[in-house]
Amino acid sequence: MAAWSPAAAGPLLRGTRRQLPLLHWAQRTFASQTEGELKVTQILKEKFPRATAIKVTDISGGCGAMYEIKIESEEFKEKRTVQQHQMVNQALKEEIKGMHGLRIFTSVPKH
């Protein structure tokens, strides 16, 4: 069996190759945060007032079904990773009910 190559697939992909991903990338790069991202960010700011960094990204293509959250806060100090994630899950308890998935990255600020 011959190996797959982009050149061989060219005729099959003509007209679609790179257009949608590039367009999606451009929209997300230049667009402001989605309504869902803003809402989740605001909740996290309220629940973690000592946070030095909060970044919320809708990784579901803008429909709000899955988010990636990166948060750096003193509140996580001396807590295990699982406890840190539980704190974030508790803060977003109501919002999580409408989500398909959630990626959480937590850290403590380095002084």
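Contact here means heavy atoms within 4.5 Å. The structure is a predicted model, in which local features need pLDDT of at least 70 and side-chain atom pairs count only at pLDDT 80 or more, whereas totals for chains, interfaces and linings use all residues. Residues are numbered from 1 along each chain as its sequence is written, and side-chain values use heavy atoms, with hydrogens and water left out.

The protein chain contains 5 helices and 3 strands, taken as DSSP runs numbered from the N terminus (helices H or I, at least four residues; strands E, at least two), and their order along the sequence is α-α-α-β-β-α-α-β.

Beyond its neighbours within four places in sequence, Ile-71 is in contact with residues including Leu-44, Phe-48, Phe-76, Val-88 and Phe-105.

In the whole structure, 1 aromatic pair is found, the criterion being ring centres of Phe, Tyr and Trp (its six-membered ring) within 6.5 Å, with planes under 30 degrees apart stacked, over 60 edge-to-face and the rest tilted. The rings of Phe-48 and Phe-76 have centres 5.3 Å apart and planes at 50°, so the pair is tilted. Phe-48 lies in the loop between H3 and strand E1 (51-58), and Phe-76 in the loop between E2 and H4, so the pair ties together parts 28 residues apart in sequence.
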